[in-house]
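Here is a short briefing to read alongside the structure. Keep the viewer open and follow the residues as they come up.

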2 protein chains.
Amino acid sequence: MRLFITSLALLAPALLFAQDPARYVRPIIGTAKMGHTYPGATVPFGMVQLSPDTDTIPYEMNGKYNPDVYRYCAGYQYQDPTITGFSHTHFSGTGHSDLGDFLIMPANGPVQLNPGTADHPENGYRSRFSHQNETAEPAYYKVLLDESRITAELTATNRTGMHRYTFASGDNPHIVLDLMANLYNYTNKNVWTFVRVENDTLVTGYRQTNGWARTRTLYFAMTFSKPIRRYGHQNLASDVYKGFWRKFNQTENFPEMAGRQIRAWFGFDAQPGEAVTVKMALSPVSTEGALNNLRAENPGWDFDAVRRQGRDAWNRELSKVKADMLKEDDLVNFYTALYHTYLGPTTYADADGTYRGIDQNNHRAEGWTNYSTFSLWDTYRALHPLFNILQPGRNADMVKSMLEHYNQSVHKMLPVWSHQGNENWCMIGYHSVSVIADAIMKGNIKGYDALQALEACAATARYKPYDGIGYYMELGYVPEDKNGSSVSKTLEYAYDDWCIAQVAKKLGRNDLYTEFSKRAENYRNVFDGTTGFMRPRLSNGTFRKDFDVLSTHGQGYIEGNAWNYSLYVPHAPATMIDMMGGKKQFTGHLDSLFTMHLPDAFFAETEDITREGIIGNYVHGNEPAHHAAYLYNWTDAPWKTQERVRMIIEKMYKPTPDGLGGNDDCGQMSAWYLFTALGFYPVCPGSTEYALGSPTVVSAEIKLENGRTFNVKTVNQGAKNVYVRKAELNGKVLNRFISHDDIMNGGTLVFHMSAKPAK
Amino acid sequence: MRLFITSLALLAPALLFAQDPARYVRPIIGTAKMGHTYPGATVPFGMVQLSPDTDTIPYEMNGKYNPDVYRYCAGYQYQDPTITGFSHTHFSGTGHSDLGDFLIMPANGPVQLNPGTADHPENGYRSRFSHQNETAEPAYYKVLLDESRITAELTATNRTGMHRYTFASGDNPHIVLDLMANLYNYTNKNVWTFVRVENDTLVTGYRQTNGWARTRTLYFAMTFSKPIRRYGHQNLASDVYKGFWRKFNQTENFPEMAGRQIRAWFGFDAQPGEAVTVKMALSPVSTEGALNNLRAENPGWDFDAVRRQGRDAWNRELSKVKADMLKEDDLVNFYTALYHTYLGPTTYADADGTYRGIDQNNHRAEGWTNYSTFSLWDTYRALHPLFNILQPGRNADMVKSMLEHYNQSVHKMLPVWSHQGNENWCMIGYHSVSVIADAIMKGNIKGYDALQALEACAATARYKPYDGIGYYMELGYVPEDKNGSSVSKTLEYAYDDWCIAQVAKKLGRNDLYTEFSKRAENYRNVFDGTTGFMRPRLSNGTFRKDFDVLSTHGQGYIEGNAWNYSLYVPHAPATMIDMMGGKKQFTGHLDSLFTMHLPDAFFAETEDITREGIIGNYVHGNEPAHHAAYLYNWTDAPWKTQERVRMIIEKMYKPTPDGLGGNDDCGQMSAWYLFTALGFYPVCPGSTEYALGSPTVVSAEIKLENGRTFNVKTVNQGAKNVYVRKAELNGKVLNRFISHDDIMNGGTLVFHMSAKPAK
């Protein structure tokens, strides 16, 4: 009996902790400036991201690119004074955008079917708001709309969003459904819109858009807790054929709407203080599918219960890692990062498994979940490797989703950057192969055929029409005069090819091993020994004369200059270091990277980064050098890795709205943080090795899906004790690296911290 | 043995006849001027109508209606010198249009991705042709393309079109797939187009259009008998977001195309004299559905076998009526009319029964066929009544299709004019209820619930937002100042209401019988005793002062002036005759109708008719007075019916391309012909009574689906013997009418003809 009580006393703090790690999550982090995160309500890997949008900026103004649009990749900018409404789909942390589907805004008084302006919100349906009246938590968002004094609350299930609007006035309470609202709203982005008022509490519809996703259709079913008393819509496109529909007065109480540019409204009888609850289910397949999703996931009207379910879902996922940190801000950063990594890839199928494929046919995922939103150029680096530890089941389904994409692809290519039944071809490389290789090499082969996956990787790597692959296969590099960003492409292809070779070797396909091992050496072909940098080469075999090692645009690189990209041979760092003059010279190169001062002109022309996302010339806000700080492990100064990563974490991750030093990029920035905080990092996904760094956790307990537990512990952890004197796995000293098996077998990794480097 | 031989000898001519009545069908009839029929290949009630189009006329020119477009409702005008290509969907005989989906044209030499002009076909892919080199038969069409000397042959199954192109030259043989081609091509009619070159013999895709059908998507799968060696496309719309697809050269050999305005081409290696066969399957659901349709219906490459199957299918349907006529031209008219009546409604579902509903969701018809293309304002009059005799099984499925439309309708309305998953709201009335009532009253209740059908009829008749129904229910008539064409609407609603009342009575729903019997009297409310005409009435109760009995436009009528429409009380002709002054005065009115001379100005402003479609002021080219000639049966001069109908048949139906006196209107004109040729006509569908006329057949044997045979025979038939001296059913004298049961019970109706009227 006494023992029992003691056990409870010991367990209590841990239990308390595990029950609600969600309390450390601040979805508002990253919503200012460059983070491009959204503060709204969603569940882990959920299809719905129900979040406030603070402006409606078109991609083009007078036929020209509008640079302001970039700020609105996630719809919300913390500095903005107004909210235009609450839409149901958002990317987290991207640097290009789409979505913002099905924007809803509650209002009182005369119906205003236009968003108004930030300066004059009273001229439209938008409203001023204050962060003091705003709450953002996992699966819950709340804000007071200043003009109407309506309290808006949002929560979500996987495929449904739920809104509770408490009206302060009984003067024509209504909601606007603005189907013209889009993130990255190109000219004619709306291809078609179709809406039906099925009865006085149900509205269904869909919208097809042509944007980042070329051919994307999303369906909805929207229900209300109170009957619609009156409704109407505007159909603003003049180029829609009206035909014999003109015999109806379609603007008021007419239940069928179709066109390109539709804004609708729905009015209720509600008393001051009364809440109207709205549920909107999404479907990639049909309005019938959306309605089925609503019935399957969110049949009732208890907003608070749905909110609790959402928070419970978050706590289940977040509590898989129990971290102890030096201070609460660190816990906030840690669990917010974990939250960010679980925002995607997103579920993309109805509750019955049906989804729209990239062949535009419907397919059914039975016994697995189809995922979408694969920002692979970012996420192959650390996010998917993180999932192979924390979410191996979901990661296997993600691999399966990519393979189904391949099967449906007329190009027979794995996804490059795909979302919602579309390949958008953004960025470079064919990094699906890295994600697949990482899963296969780490033994995470579940629900898909590894040999078939290998074939898909090889076919992808041989698809000549894609981004210079034809030249690459012929010449061993992408020639800059034929295909831009040629150095970045060559280096990333070579790494991807190495991944394929590893899988081929493991699966006994020696033919493919030979073919792709050879290709994996192609990084050598763009190395210029005279400058010591990777350098754009022309189709005649010579290096291009113009060469600016600081510039990116037009210089053979993308999102990273020669200083950063020259470090990109993750599969052969030792060889790379030799090529670059040996360990000592390479250490100097790395030191310079982190310490050099860049001219202001640099920032004027560089995409996706500001001074905040940069340390010296090291660009943490972009991804190509995410592994760079760990490369000291291959020199004689691994302590410099420890020093650098602690500096990066401190500088680039803060528990504030503007706390992220760059786009979170669908969780890649956060995944970098989490690995680094835990003390190890996957420098080369596709290998089973992690480079050790310097943990920021005091301790962490990782509950693995295989039932085992992997513990990270520190001795003498402290803000200044950034150096690792010794690392021990289950009592055995580790030398700079740890293997995946060592983690998955469970056990304890102890870092002995020190304020002095172990030179 | 001898007896046996005698029997054979007796049977032989009949058998020969029954085996190939298709030989009398001339699909070219009606392709000149007003008939608006198409000459191409189709099977009975088939989803595919694969037919040549002779020009590509937009609905608008410089923002204004282009009146020439009307000539191209079916895509083909006999007088035209060029063919632009062969498309897979066409209406037969409509006066407004849509479709023309997936136009294919074979060519040689340089690829020209534009249609060229009729004057200069050499500047595009179109070609001159000559009727001497043209063959049009049931399920087969052939033409020689003058420029390229390519012989093009077409045939079809229900859901697939099959092309055989015999190339005269080996110079770059290719086909153009012009996805910009549309019938009635409005600005931005193409909403979206998506095409994939799946492999070297398969292309799939779809197109969404916004035209007469507001939200219509049609899918295809196209296969080739020879591999595609090279291909390409133009994407002409400048307003499509190109995004990261720009990294590809998409114009040549790039397998995925999407946008609004796409023209593609596919090249083959073919020798002079070699044929390339192309099959295109359609689906209302998906490209996968189209591919399944192809596999289910047309898996092989034997063009001639498919052509034979198509002709066999026609012969099976055509031989249900074995007609003997005075001369071969009459047989041509008779069987061509029968052919035209079997062109629609058209199948609208995949081979597995799946179709796109008007709710834009997919539905599955199991154990029945879903039909579309319901031109009900036309076809309720005679086409569906004809089907209740010749095609009761299909007609029951058509009723079920209409009820499913109702179930899917957010308005809870039965179809008005529907095609391909859309209500287009063309014309007036709610004549689905007539079609349903006619089926129920004639006992053709199969596969649907009659009471549910009655409820659907009543709901439709009470849908107040539709075309003045609210006013009609309130005032007993549609007021012209509130809703135009008010007289036509009032009269047709009253008739439709009578239909509902009959069904209600039969099914024991006395509440509905009372309600709709009362409404059926509403024709009285627009009768102006002072003029003796039905006349537009205002909401204040008075008749409108402006009243032009010859004019239609703006005068309270549609497609028929006061002279014609005043006769429209099909459910109470006797009362109507009384109202109009009694039998004698009414006979005079009818005589005047058929004999008066109209001023030329009349034709300038009247829709859908020319002098050719008119006899006196009787407009046979439009439908409202199709029953008029039979009204003499309610006077003391039934012989005038006999005289008039023979005159109408002779004047309005000729075995020539310009032989139809007006739009065939999805078979209504042809159904009028067939009933009249057989000697009886359904003046009031929804009743079970047919008025007798004057048959033009010498004899006819109708094989009913119930296994019985109904025979029409004549004694003393001749071109001048237009009068009926006596009519006998199974030896019993009939007085002016025959009942549906009498027909369906089988038996023999004998007309004793005479050159003199039986006054």
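In this predicted model, T587(A), D591(A), F594(A) and T595(A) of helix α15(A) touch K640(A), R644(A) and I648(A) of helix α17(A). Sorted by class, the contact of α15(A) with α17(A) is made of two nonpolar, two polar and three charged residues.

**Helices α15 and α17 of chain A**

- Helix α15 spans residues 582-595 of chain A and helix α17 spans residues 638-652 of chain A; their axes come within 12 Å and cross at roughly 15°.
- Because angles under 35 degrees count as roughly parallel, α15(A) is roughly parallel to α17(A).
- The crossing of α15(A) past α17(A) is left-handed.

**Helices α8 and α9 of chain B**

- In chain B, helix α8 (residues 432-441) packs with helix α9 (residues 450-461) at an angle of about 155°, and their axes are 10 Å apart.
- That angle makes α8(B) roughly antiparallel to α9(B).
- Here too there is a left-handed crossing, with α8(B) passing α9(B).
- On the α8(B) side you will find V433(B), I436(B) and I440(B), which meet A450(B), A453(B) and C457(B) in α9(B).
- The contact of α8(B) with α9(B) has six nonpolar residues, no polar and no charged ones.

**Where chain A meets chain B**

- Each partner brings its share: 52 residues from chain B and 52 residues from chain A take part in the contact.
- About 4900 Å² is buried between chain B and chain A, with carbon and sulfur atoms giving 52% of that area.
- Two salt bridges are found across the interface of chain B and chain A.
- A salt bridge joins the side chains of D467(A) and K247(B), at 3.3 Å from N to O.

**Salt bridges overall**

- Side chains of opposite charge can pair when their charged atoms come close.
- Over all chains, the count of salt bridges comes to 70.
- Within chain A, E137(A) forms a salt bridge with R311(A), and their closest N and O atoms are 3.3 Å apart.
- This pair links distant parts of the chain, 174 residues apart: E137(A) lies in strand β8 (residues 134-137) of chain A, and R311(A) lies in helix α3 (residues 303-318) of chain A.

Terms used: Residues are numbered from 1 along each chain as its sequence is written. Chains are lettered from A and ligands numbered from 1 in the order in which they are written. This is a predicted model: local features need pLDDT of at least 70, side-chain atom pairs count only at pLDDT 80 or more; totals for chains, interfaces and linings use all residues. Side-chain values use heavy atoms; hydrogens and water are left out. Axes are lines fitted to C-alpha atoms, for helices over the stretch in contact, and angles run from 0 to 180 degrees between N-to-C directions. Helices (H or I, at least four residues) and strands (E, at least two) are DSSP runs, numbered from the N terminus. Angles under 35 degrees count as roughly parallel, over 145 as roughly antiparallel, 65 to 115 as roughly perpendicular and the rest as oblique. A crossing is left-handed if the near helix is turned anticlockwise from the far one by less than a right angle, and right-handed if clockwise. Contact means heavy atoms within 4.5 Å. Ala, Val, Leu, Ile, Met, Phe, Trp, Tyr, Cys and Pro count as nonpolar, Asp, Glu, Lys and Arg as charged, and the others, Gly among them, as polar. Buried area is the accessible area (1.4 Å probe) that two parts lose on being put together, summed over both. A salt bridge is a side-chain nitrogen of Lys or Arg within 4 Å of a carboxyl oxygen of Asp or Glu.
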